[in-house]
Amino acid sequence: MSRPGSAFHRLTPALGAALLLLLASTAGAAVSGLPQTVFDARGFESAEHYPEGVLRAFEHGGWGWQPHSTAPSLIVDTGVPRGKVLRRPQLGAGTHRDWLYFPPVQAGILILEADIRVSTSAGRTLDLAVTELGTGRQHAFLGWGTNPGGDQLCFYDGSAWVPLLALNTEWRHYRWVHYLSGPHANTFDLFVDGLVAGAKLPFRTDFNPAVHSMESLRINAAAGPAGEFAEIDNLRITAQPLLGPEELPVAPGSGLSREAAGFSFTFDTHLGYGYSVDFTENPMSGDWESIAYFAGTGGPRGFGEAFAGDRGFYRVRTTGLDAGGGDPGDGPGDDGALFDGFLDYVEVELEDATFTDVEGLTVAVWVKLNANSGVQTFANRGARGELFTLYLFNDHVRMLVEYGPDGQYRHASTLPPPLDTWVHYAGTYDGQTIRLFVNGVEVDSTAAAGSIPVRDNRLYIGATAPLMNSVDGRLADFRMVNTALSAEQIGVIMAGGEPVAEGEEMRFSSRDLEAMMRSDWPEDHDGEPEYPFANGTLATTDGFRGIWYVNGRRDDGLHKYSGGLGTYPQQHAPIAIYAEEVNKTFFTYGGRRKDRNRLLHMVSVYDHETGLVARPRILLDKHTSDAHDNPTISIDGDGHIWIFSNAHGTGRPSYIHRSIEPWSVEAFAIQVTTNFSYSQPWFLEEHDFVFPHTIYGGGRRLHVMNSADGMEWTEPRLLARIKNGHYQISWPRGNTIGTAFNYHPDSTSPLPGTGLNWRTNLYYMESDDGGHTWRNVEGQILDLPLAEVHNPALAVDHETQLNVVYLKSMQYTAEGHPVILYLTTPGWQSGPENDPRVFTISRWTGTEWKTMPVTSADNNYDYAALYIEDDGVWRIIGSTEPGPQVYNTGGEMAMWVSQDEGETWEMVRLMTQNSEYNHTYPRKPLNAHPDFYAFWADGHGREQSSSRFYFCNRQGDVFRLPHEITGDDLWVAPIPVP
């Protein structure tokens, strides 16, 4: 038998027969009821099978795709949070079918699961049909928007379309269970978001397991509205046999029943869903009695002896709560406190150690949401990944706990709550395990042996911090307990009781939350005001003070990286720009409040005519101490100053601001609120804004987008997504932009570790048309996104040398050849065990990449800036020398020069010495002027400290920006550093 329209060969007889035999068992001895996977798209993430663009025809491991010959489906990267999906466009006329073939299934149960959304609910956007081997006969048939006027998901019963439920354009999870044999043969069940949408619905055409085999899924565009589409993600097909007389086939929520005389049954549960087992003597009466309840924790669940000897009918169904857990009962007993999803929050200062120095923790609250997407924080202490957070994130509710001295954190999670429904969440930590309870039932746990660090961070309820991830809905009866409660004690909380002694619990009723709620920027407890969100004249402050930040804490103080990181990281560029038109250098940096270590985005300007620097202005308060949120700067063709405020991942928003007047930092207006990380905005004369950046989702993925005016932006275009993602550094040359990047390996790498701490290889590519077309250094056009480790952009293979690669800086020779400065080391951990750490140059000679050492370092995050000057001198300014905190980030600043294109280097000046703190991240301004040649900060490498800012001229003379400014002058003099 040949496949209709297929260029594939049929499966080998051995494979096909094996699967047919497995699924044909319908009687005799009991067999396993666990499904066998026959196809799994794995999120369409495979770069080999699913590169972006048109869906490719291929066969792999017994399954394969045959797309439509002229109008196939597309593989589209949708960004955060889903990544790549399959998109089936509608063309307005004709029928366009893509076929997915899988090993033939002849009997038993066939289950198709997928997340699906449609671009419109008003018209026909998608048909799915499970079809027979050879003939293409449609046995089960679903249509999205097929009802007259659209708006309905329907099935075809053989003569007409029958509506099942109203459509919307949100992502929904579909589970489609087909019965090929047995008492329910030729019917199917459909579940949408875990709830029953239809049970025992008839196939369009009968299926006879004696002569038919199910072996394909037809994905059909049937003359739907032109330009509309459907998207499919996480497509998975499984098959399982009908069970013998000792077992009952049950799909979660299916409502199946069977008369039995002593039996057991098993089935596969879904994380976060709740289930009940019901019994009745007469199913026609509709009088079912619930005899058991349990929470889905993933994997098979079974029942046996409890039902032995009973005669009657049983069913397994979901509780109707997507959130899982037990019965919420009557909820909190009141209407709760309403949070508006934007401004509202509750802030609690923890005045003693009762809740900050704890061996265990419980956080519990009633939640009723108006929206269950995005990021919404129920309770939080600390910055991203610190202390604890109970929140909705990436379509899951999480209990996150920081449990280790090196900043480790983990979380337990469950599915999001249904809308407009009270759900009780409780997260606990006992020093060994993080647990998450939904309506009093434990639904997930994760091991996390350690302890929560002792810090004085405030508690926020209903938001991460002011203006960050506010709850859109209601909260009631918040509790925080200084021990890990049991499920029984959490049940007491749900009932409104007190499970612990007075003083061990912090409790706020709905009325308390309403009274404490704030929707404005409060005065700080030490007198410094909260700064309003920038949209007009910026407030000034009385000194240049930098953020102090640590990542990867260690008990011995040799943190992964730490210190004064106001000009961190190297992936943020530029942070300073010299403008010849006004003879000024404009710069931005990560500042801090006077009263506490919280990140402020700051702007200032150095006047080369007068030698004075403007009093710094506060653009916004980022409400975090995370230096990954530091800003970058750009200047457009009219002289307007643009500030790009980053976010570290997706947990906080990113912003783009523009100065109201050209060549001025006095007042700014917000233009865009979005999400991006590691921004590198370049304004090029011929191409306007070209914006390389990173988007989190399935790894750290490199993207680029464009804008003519900074307000309307193109969709991000994916550049690279190799394994776990990338870091990149970019720099312009005229109207060409180049980027150098590494990649984060997976378990296939010869390196001793995987993931984000490990990074290796050196890649380079460039674009001369505003980031639309990219070439390697030899001019070869690259097929993007790059998804393979070995690709034409690979400059130096450090992976086979077992080198970890930390990017630093990039410049170009007079011939336009790229020169890249980076650091190599055997491992990511700080300390002497990963010496030698070597600052390294790789340059393109015109025919090959040549790699040369420069000097050594004592921390992977030691930084140096590279300069290639008009007279042919190559210069490096960096924290290359050991500082007062040896083996911590930074050190003493030194200047190195090469007269032979990087072959040899000489340290010509030690720019700082006998310093109190380590100097970190000297950054080169774009179009650097000789009088303001590098800009950096300092800070203690091992403990939180103040942080001061410096700049130097090309000769290596160092100047400190005033840490404290007295008087009201708007322009102040830098301080020479001897």
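**Rings, cavities and pockets in a predicted model**

The charged end of Arg733 is placed over the ring of Tyr812, at 5.2 Å from the ring centre. This arrangement belongs to a predicted model. A second contact of this kind involves Arg82, whose charged end sits over the ring of Trp171, 4.0 Å from its centre.

Rolling a probe the size of a water molecule over the atoms shows where empty space is left. In this structure the count comes to ten cavities of 30 Å³ or more. The largest cavity has a volume of about 140 Å³, and 16 residues line it. Nearest its centre lie Ala573, Trp731, Ser809, Tyr863 and Arg923. Two elements, strand S54 (728-733) and strand S58 (804-812), each give two or more residues to this lining. The largest share comes from S58, with four residues. By residue class, the lining of the largest cavity divides into eight nonpolar, five polar and three charged residues.

At least two lining residues come from each of strand S41 (576-579), strand S46 (631-635), strand S50 (682-684), S54, S58 and strand S62 (864-868). The lining of this pocket comprises 21 nonpolar, ten polar and 13 charged residues.

A pair of aromatic rings is described by the distance of the centres and the angle of the planes. The structure holds 54 aromatic pairs. One of them joins Phe587 and Phe932: the ring centres are 5.6 Å apart and the planes meet at 25 degrees, so the pair counts as stacked. Phe587 belongs to strand S42 (residues 584-592), while Phe932 lies in the loop between strand S66 (918-923) and strand S67 (934-939); the pair therefore ties together parts that are 345 residues apart in sequence. Phe587 and Phe932 are both buried.

Another pair, Phe644 with Phe691, is tilted, with 5.1 Å from centre to centre and 55 degrees between the planes. Since Phe644 lies in strand S47 (residues 641-645) and Phe691 in strand S51 (residues 688-696), this pair ties together parts that are 47 residues apart in sequence. Phe644 and Phe691 are likewise buried. Ring pairs also build a cluster, linking Phe544, Phe587, Tyr589, Tyr606, Phe932, Phe935, Phe949, Phe951 and Phe959. The stacked pair of Phe587 and Phe932 is contained in this cluster.

The cysteines can be treated briefly. A disulfide is a covalent bond between the sulfur atoms of two cysteines. The count of disulfides here comes to zero. Cys154 is buried, with a relative accessible area of 0%, and Cys952 is also buried, with a relative accessible area of 0%.

With a relative accessible area of 6%, Ser470 is buried. Ser470 and Val375 are 95 residues apart in sequence, yet their C-alpha atoms are 7.9 Å apart in space.

Definitions and conventions: Residues numbered from 1 in each chain as written. Predicted model: local features only at pLDDT ≥ 70, side-chain atom pairs only at ≥ 80, totals over all residues. Heavy atoms only, no water. 1 Å grid on protein atoms, 1.4 Å probe; cavity = no way out; pocket = protein on both sides within 12 Å on 5 of 7 lines; lining within 4 Å. Points joined across faces, edges and corners; volume = space filled by probe spheres on them. Nonpolar A, V, L, I, M, F, W, Y, C, P; charged D, E, K, R; others polar. Phe/Tyr/Trp six-rings, centres within 6.5 Å; stacked < 30°, edge-to-face > 60°. Buried < 20%, exposed > 50% of the residue type's maximum accessible area, 1.4 Å probe, protein only. Lys NZ or Arg CZ within 6 Å of the ring centre and 35° of its normal. Disulfide = S-S within 2.5 Å.
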